[in-house]
Structures are given as C-alpha cells and as structure tokens.
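Dear colleague,

Please find below the sequence and structure that I am handing over to you. My notes on what was found follow directly after.

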Amino acid sequence: MTADPQLPVNALESSPAATGPNVPVEATASGSRAEIHPARRLRVALLGSRGIPARYGGYETLMEEIAVRLQRLGHEVTVYCRSHYTRRDETEHEGVRLVVLPTIRTKFFDTPVHTFLSCLHAATQRYDAALVVNSANALFLPLLSLGGVPAALHVDGIEKRRAKWGAAGRAVYALSERLACWLPRLLVTDAEVIRDHYLERYRAQSTLITYGVDPRAPARRGVLDELGLEAGQYVLYVSRFEPENNPHRVVEAYIRTRTELPLVMVGDAPYADEFIAAFRARAATDARILLPGAIYGDGYRELQEGARIYIQATEVGGTHPALVEAMGYGNCLFVNDVPENREAAGEAAVYFDSTDFEASALALDRLASDPEECARRGRAAAARAREKFSWDAVSRQYSDLFEALAGLDPEDNAFVA
C-alpha cells in the first residue's frame, strides 16, 4: 500500500493573480522563488498525458506548467508526447525535452498503448523519478520499477464514474483504482474529496497537490473581435464536451434564460461525435449560443479575462483546471454543486443543480442582471485563487515529491530517514 509521504506540502503560497475582476497582473513563471535551485538536480520523466504544449485538457496543462517550472528549478525534465498530438520534430519546449512516440488513436487504446511504449522507453533512461498521470496507467508502473525508476501516480477523479465509459471501461477503471493503491511508490491526488475516497475505501494514503493558475494577460488579442464579443458582456463555459461535464445540460438551462449575454461554449472531445452532434443541434436553436470549438493559448486567456460569468458544470473529477483559471482571472463563478467544485471555489461561487434546468436558468438570469454582484464575486474568486492556487508553489511541491521519490528505500514505500 502507498505510504503517507509526509512531504512538506503546506497550504499553497500565494502568487500574483488578478487584482479585481478580469484584471490580470504580471506572470508568476519567473518569480524569485521559482529561480531557486533544488538541493539535488534530478532527471525527471512525466508520462501518461497527450503531451505538451498543452492543447487538450487538465493533464496536459499540468504537464506543461510544472515541466517548465521544474526545469527552471534546475531539474532535467522529459515529457512523453503522443505523435498525433505533438509533432515528431518537436523535441524541446522551453528547455523541456520531448519524446514523441506513436499510439493507436482510438478511444480505448490511445492512452494505454502510448503509456506502455513510454514506460518501456523510460525504463532504459535511468531517470531519478517519474510522474505518471491517469489511474488507467497504473498497470504499466512495474515497467518503470524494472528499470529502477521510482514513480508516483496522479489520479484525477474517480474515473469509473464517468458517463462516457461503458461497462467494460468502468470495470477497467475499477481495477486500475485498486492497482493505484499498490503499484506506485507514491500516490498523488488533487483534491481532498479524491484523497478521502482512496483513504476511506482502500486505506491508501496519498499526497495532495492541487492545480495552479497563472492569470497573465494574453500576448496577442483578437478572439473577442472574431466572435463578435465585448469584454464583460458574455458567459463562458470551458470543458471537454463529454457527458459528465454536462455541456448538454448547460445548453438546456441557458435556453430557458432571458439574459442578453451570449453563452460561449469552448471545447471539443475526441470519440464523442454522436453526443456532441446532439447537443450542438439543440444549441443551434438559440442564436445566443456560440460554439467556436477548442481554443488555447492567448485566445483562451483572452476569453477568460473578458468573461462576466464562468460556468463550471462538471460532476466527476478532482480540482478542475479551467475552474481554477476562471478564479484567477476574477470571473464570477456559476458552479455545479458537487463536493469537489465546492472544495475549489468555496464561498466565492453561486451554485446550481445541473439537473434542474428551470432553477438554474432563474439563478443565472439573476446573476447576469446584477453586474455589481458579479464583480464582487469575481474579486472573491481572485482572492481565493491567490491564496490557494499557485503554479510556482505546485511545482515546488512536485520538486519535493521527486526528491522524496529518489530517496525512497527500494524495499519499502516509505521515506529513508
């Protein structure tokens, strides 16, 4: 069983963030603490995501944000990337080494095939430590152990509860959840809700490390003009278009509102064509709903910076990066009422029940018609982000974790005194 690592992961230190609704200040990436070199330079591998630069979801954002900062802290960092996501000629990103490997690009084989090949490669590279993300990848951790690479496993939510998986997929994740308690040297969770799940169900200890936010202003602008939007005059939803993220329910609730603020739904998803087509067809009945697809980088930052209200409708997972980012940019939060979302947003958000369309519509109408209340809640969200979510602090926690991994006694999942 994974032992409690007892890492020095105290409350995350604050970092520069939005000082008011949608007013980002300078970036934290080169902050003075991030320049401090660790006590020991390590060769670190990050595996299990699609890769970097981040152009998909939470794991990719995590990989990019911590990889760049770990490299600045003095570590030698390698990120394993999928060939359909990162170009084969991309071998480096801001000082981080990229290893691009093939996979089978289907819903059920994309992740396991790539992680299998990545672990085979990593096992030959003499890394000091590794981080593998996604509980489904637990099965491949013994490959790293055979190569002498101590690994931590990051589990993001309770995957077996995701609606997108059929019976076979849920069975695989149920097994992976159990393996996650035994095969990694250390287990990492990103929310207290998830940490408590593993502790109560399996008596497995884990290290809690959240996501962060770096609410810097976009270097280039133009996406608002392209979409015909005005800063402070739209509602934003950002998520992968999958059933457990409830884009279809957001559409149903919004159609029932009377607000003039358009709803901008940013996202997409592979292997979900029928689901996406159905709710897109429903959204097409309301001219106020915009579906521009997935937007990353400066365009995404511009949308977060300019929104009046941000909707978080997820019902499965741990700490959701887009929610934390909306907090950092000082958005007024309209959030589906589930424990992990309350853990992240606290008292800053207005909560709704994603299954009650009429009540959600009324609550959103009230909020949209009160810009002063939106501004007040946006300031509260920004303050909470400064207090709790910092990529610099998160990266230092991972640096500590990797140093601990490198010092673990190979005969035991405990720290060497």
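Of the 417 residues in the protein chain, 59% count as buried. Please keep in mind that this is a predicted model. The chain has 14 helices and 14 strands. Its accessible surface comes to about 16900 Å², and carbon and sulfur atoms account for 50% of that area. Among contacts with a separation of 6 or more, 73% are between residues 24 or more positions apart.

Helix 10

Helix 10 covers residues 321-328, and eight of its eight residues are buried, so this helix is largely enclosed by the rest of the structure. The buried residues include Pro321, Leu323, Glu325 and Met327. Just after helix 10, glycine 330 takes a positive phi of about 75 degrees.

The loop between strand 9 and helix 7

Asparagine 245 is located in the loop that runs between strand 9 (235-238) and helix 7 (247-255). With a relative accessible area of 5%, asparagine 245 is buried, because the cut-off for that term is under 20%. A polar atom of its side chain lies 2.9 Å from the backbone oxygen of arginine 240. Setting aside neighbours within four places in sequence, asparagine 245 is in contact with Tyr237, Ser239, Arg240, Ala313 and Thr314.

Aromatic pairs

A pair of aromatic rings is described by the distance of the centres and the angle of the planes. The count of aromatic pairs comes to nine. One of them joins phenylalanine 241 and phenylalanine 279 edge-to-face, at 4.9 Å centre to centre and with 90 degrees between the planes. Phenylalanine 241 belongs to the loop between strand 9 and helix 7, while phenylalanine 279 sits in helix 8 (residues 273-283), so the pair ties together parts that are 38 residues apart in sequence. Both phenylalanine 241 and phenylalanine 279 are buried. Ring pairs also link Tyr237, Phe241, Phe275 and Phe279 into a cluster.

Tyrosine 398 and phenylalanine 402 form a tilted aromatic pair, with 6.3 Å from centre to centre and 35 degrees between the planes. These two residues both lie in helix 14 (residues 391-406), four residues apart, which is about one turn of the helix. Both tyrosine 398 and phenylalanine 402 are buried.

Salt bridges

Side chains of opposite charge can pair when their charged atoms come close. The count of salt bridges comes to 21. In one of them, arginine 72 pairs with glutamate 94, with 3.4 Å between the closest N and O atoms. Arginine 72 is in helix 1 (residues 58-72) and glutamate 94 in the loop between strand 3 (92-93) and strand 4, so this pair ties together parts that are 22 residues apart in sequence. Arginine 72 counts as partly exposed at 28% relative accessibility, and glutamate 94 counts as partly exposed at 43%.

Aspartate 89 forms a salt bridge with arginine 87, their closest N and O atoms being 2.9 Å apart. Aspartate 89 is exposed, with a relative accessible area of 57%, and arginine 87 is exposed as well, with 52%.

The side chains of arginine 220 and aspartate 298 meet in a further salt bridge, 3.5 Å from N to O. This pair links distant parts of the chain, 78 residues apart: arginine 220 is in the loop between strand 8 (207-208) and helix 6 (223-227), and aspartate 298 is in helix 9 (residues 297-306). Arginine 220 counts as exposed at 61% relative accessibility, whereas aspartate 298 is buried, with a relative accessible area of 13%.

Finally, a network of salt bridges links Glu65, Arg69, Asp214, Arg216 and Asp392.

A nonpolar surface patch

Ile104, Phe108 and Phe109 make a nonpolar surface patch of about 320 Å². Phenylalanine 109 has its place in the loop between strand 4 (96-101) and helix 2 (110-122). Its relative accessible area is 47%, so phenylalanine 109 counts as partly exposed.

With kind regards

Definitions and conventions. Residues numbered from 1 in each chain as written. Predicted model: local features only at pLDDT ≥ 70, side-chain atom pairs only at ≥ 80, totals over all residues. Heavy atoms only, no water. Patch = residues over 30% accessible without salt bridge, like charges linked within 9 Å, V, L, I, M, F, W, Y side chains within 5 Å. Areas by Shrake-Rupley, 256 points an atom, 1.4 Å probe, with all protein chains shown as cover. Salt bridge = Lys/Arg side-chain N within 4 Å of Asp/Glu carboxyl O. Buried < 20%, exposed > 50% of the residue type's maximum accessible area, 1.4 Å probe, protein only. Polar contact = N/O pair within 3.5 Å; in protein donor to acceptor, adjacent residues only side chain to side chain. Contact = heavy atoms within 4.5 Å. Phe/Tyr/Trp six-rings, centres within 6.5 Å; stacked < 30°, edge-to-face > 60°.
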